[in-house]
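Q: Take a look at the model below. What do the labels rest on?

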Amino acid sequence: MNRMILLVISAVVTISVSAQRIDSIIHAKKVEQVERKLSSDEMGGRGLFTPGLAKAAQYISEEFEAAGLLPWHPDSSYYQHFTHTGKNGQVMNLFNVAGILPGKSRKDEYV
């Protein structure tokens, strides 16, 4: 019985300490703004190797910087470059857009 009470108290404390209001972190209007921008005709689609993809990547990088994310790469770039060899043997130079959010309680850990 005492173990059960301790378990319930621990769960309640854990939930109340770690719970955050999601709307204080993610704002619906900002999400809608980003979605509209990325899906707009201005971006020209986001197919591989298209100007629209590069434009979208630049926009996402700017949004990461505005949100306070650190660049993924030590050269201050949000781009993570890599190569991929397709089934036909063609080597493609590709990239992801990636940012780092340092941990609050553990500075050496990232999200």
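A: Start with the pocket. On a 1 Å grid over the protein atoms alone, a pocket is an open set of points with protein on both sides within 12 Å along at least five of seven lines, where a cavity is a set of points where a 1.4 Å probe fits but cannot get out. Volume is the space filled by probe spheres set on the points, which are joined across faces, edges and corners. The largest pocket holds about 470 Å³ of space. This is a predicted model: local features need pLDDT of at least 70, side-chain atom pairs count only at pLDDT 80 or more, and totals for chains, interfaces and linings use all residues. Residues are numbered from 1 along each chain as its sequence is written, and side-chain values use heavy atoms, with hydrogens and water left out.

Q: What makes a residue part of the lining of the largest pocket, and which residues are they?
A: A lining residue has an atom within 4 Å of a point. The lining consists of Ile25, Ile26, His27, Lys30, Val31, Val34, Ile60, Glu63, Phe64, Ala67, Leu69 and Leu101. Helix 2 and helix 3 each give at least two residues to it.

Q: What are the helices and strands of the protein chain?
A: They are DSSP runs numbered from the N terminus: helices are H or I with at least four residues, strands are E with at least two. The protein chain has 3 helices and 4 strands. Their order along the sequence is α-α-α-β-β-β-β.

Q: How does the reach of helix 3 compare with the expected span?
A: The expected span is 1.5 Å times one less than the number of residues. Helix 3 (residues 51-66) has 16 residues, and 22 Å is expected. From first C-alpha to last, helix 3 reaches 23 Å, close to that value. Gly68 follows helix 3, with a positive phi near 90 degrees.

Q: Why is Leu38 called buried?
A: Buried means under 20% relative accessible area, exposed means over 50%, and partly exposed lies in between (1.4 Å probe, protein chains only). Leu38 has 18%, so Leu38 is buried. Leu38 lies in helix 2. Of the 111 residues of the protein chain, 16% count as buried.

Q: Which residues does Leu38 touch?
A: Contact means heavy atoms within 4.5 Å. Not counting residues up to four places away in sequence, Leu38 touches Met43, Arg46, Ala56, Tyr59 and Ile60. Leu38 and Tyr59 are 21 residues apart in sequence, yet 8.3 Å apart in space, C-alpha to C-alpha.

Q: Which residues of helix 3 are buried, and what do they pack against?
A: The buried ones are Gly52, Ala56, Ala57, Tyr59, Ser61 and Glu63. They pack against helix 2 (28-39), strand 2 (79-85) and strand 3 (91-97).

Q: How many aromatic pairs are there?
A: Rings of Phe, Tyr and Trp (its six-membered ring) pair if their centres lie within 6.5 Å; planes under 30 degrees apart are stacked, over 60 edge-to-face, the rest tilted. That rule gives 2 aromatic pairs.

Q: Why is the pair of Phe64 and Tyr78 called edge-to-face?
A: The ring centres of Phe64 and Tyr78 are 6.0 Å apart and the planes stand at 65 degrees, so the pair is edge-to-face. Phe64 is in helix 3 and Tyr78 in the loop between strand 1 (70-71) and strand 2, 14 residues apart. Tyr78 has 8% relative accessibility, so Tyr78 counts as buried. Phe64, at 22%, is partly exposed.

Q: What are the values for Tyr79 and Phe95?
A: Their centres are 5.1 Å apart, with 90 degrees between the planes; this aromatic pair is edge-to-face. Tyr79 sits in strand 2 and Phe95 in strand 3, 16 residues apart.
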